[in-house]
Amino acid sequence: MPNGANALRGATPRPPSSKEPYFDSSAPQNVSALIGKSAYLTCKVRNIGNRTVSWVRHRDIHILTVSTYTYTSDQRFMALHHPLDDDWTLQIKWVQKRDAGIYECQISTLPVQAYFINLNIVVPTATIIGGPDIYVNYGSTINLTCTITHSTEPPPAYIFWYYSKEDDNTSTNSPSTKGPVRVVSYDSERGGVSIITDKGDVTTSRLLITNALPTDEGRYSCSPSNADMATVRVHVLSGESPAAMQTSASDTLKCEFLFTLLVVLCSTFRDKIKRL
């Protein structure tokens with residue numbers, strides 16, 4: 001039996017011959033479903049006759065359904081079929097990450113015919129725009145925007161913002177363990193903090209902190225109820241920005257290069273005049 005991605009490439013349906021059953025290749029072989037929702041995998045079987053259709057999970061060769069009967073203790077799996085059409089559908093309720101992979105629709109011919117469908121599980125993702133490092137000027141407003149895409153319905157029940165002091169030994173995917181981690185709140189003692197959240201197909205949460213101070217530097221994390229945390233480092237600058245510093249260094253190197261080139265050209269030109 002084929003393995004991995006080769007299964008999809010090896011699942012070419014047989015062409016129809018006389019009254020033998022065969023797969024209609026118009027059925028999609030890549031299906032995506034949101035985590036926590038239902039997934040529907042459908043194969044189309046023509047000329048089924050008295051043959052049966054089964055669904056098999058490819059990773060462990062586990063028979064899930066035969067005809068409309070379920071052969072697994074996992075009650076999330078169900079076979080759907082109407083006697084008057086050619087569609088055979090495997091329904092997976094409340095899909096999880098572990099449900100991702102290849103599923104095999106089989107016709108009980110000799111040899112067995114198979115049609116492979118790959119199931120992708122879409123997981124809500126949180127991203128803070130401009131990360132992983134964000135630079136702001138002293139006294140300006142820190143504006144952090146967190147977006148949650150591929151969100152299930154309803155949108156996330158809550159989105160918390162966390163703050164902790166900088167720690168170079170920790171990952172940007174988690175708050176620092178160097179200092180205490182605290183929830184950022186509009187009623188904090190610091191003042192000047194506001195959080196604006198807009199829920200929809202793409203949910204957005206904006207954290208605004210006015211009059212940026214050096215004490216505001218550190219890690220800020222956006223933590224939705226239905227997605228992994230996203231974290232950025234915020235740096236408060238009292239002088240020129242990194243872009244300006246990089247530009248200054250670049251300009252210095254250019255000047256040095258041009259000066260060296262000019263010296264070489266002058267030296268070469270002087271030697272030529274002497275020879276004349």
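This is a predicted model: local features need pLDDT of at least 70, side-chain atom pairs count only at pLDDT 80 or more; totals for chains, interfaces and linings use all residues.

Reader: How many disulfides does the structure hold?

Author: A disulfide is a covalent bond between the sulfur atoms of two cysteines. Taking a disulfide as a pair of cysteine sulfur atoms within 2.5 Å, the structure holds two. Cys43 is joined to Cys105, with an S to S distance of 2.0 Å. This pair links distant parts of the chain, since Cys43 lies in strand E3 (residues 39-46) and Cys105 in strand E9 (residues 101-107), 62 residues apart. Strands (E, at least two residues) are DSSP runs, numbered from the N terminus.

Reader: Which cysteine is joined to Cys146?

Author: Cys146 is joined to Cys222, with an S to S distance of 2.1 Å. Here too the pair links distant parts of the chain, with Cys146 in strand E13 (residues 142-149) and Cys222 in strand E18 (residues 218-224), 76 residues apart. The torsion about the S-S bond of Cys146 and Cys222 is about -75°, so this disulfide is left-handed.

Reader: Are Cys146 and Cys222 buried or exposed?

Author: Buried means under 20% relative accessible area, exposed over 50%, and partly exposed in between, with a 1.4 Å probe and protein chains only. Both Cys146 and Cys222 are buried, and Cys43 and Cys105 are buried as well.

Reader: What is the order of the strands in the open sheet?

Author: Strands of a sheet pair through backbone hydrogen bonds, either parallel or antiparallel. Two strands count as paired if DSSP finds at least two bridges between them. The open sheet has six strands in the order E2-E10-E9-E4-E5-E6, with mixed pairing. Strand E2 (30-34) and strand E6 (69-70) stand at the edges, each with a single partner strand, so one side of each has no neighbour in the sheet. E2 runs parallel to strand E10 (residues 113-122), and five bridges join them; Asn30, for instance, has Asn118 as its bridge partner in E10.

Reader: Where does Met78 lie, and how exposed is Met78?

Author: Met78 lies in strand E7 (residues 77-80), and Met78 is partly exposed, with a relative accessible area of 32%.

Definitions and conventions: Residues are numbered from 1 along each chain as its sequence is written. Side-chain values use heavy atoms; hydrogens and water are left out. Helices (H or I, at least four residues) and strands (E, at least two) are DSSP runs, numbered from the N terminus.
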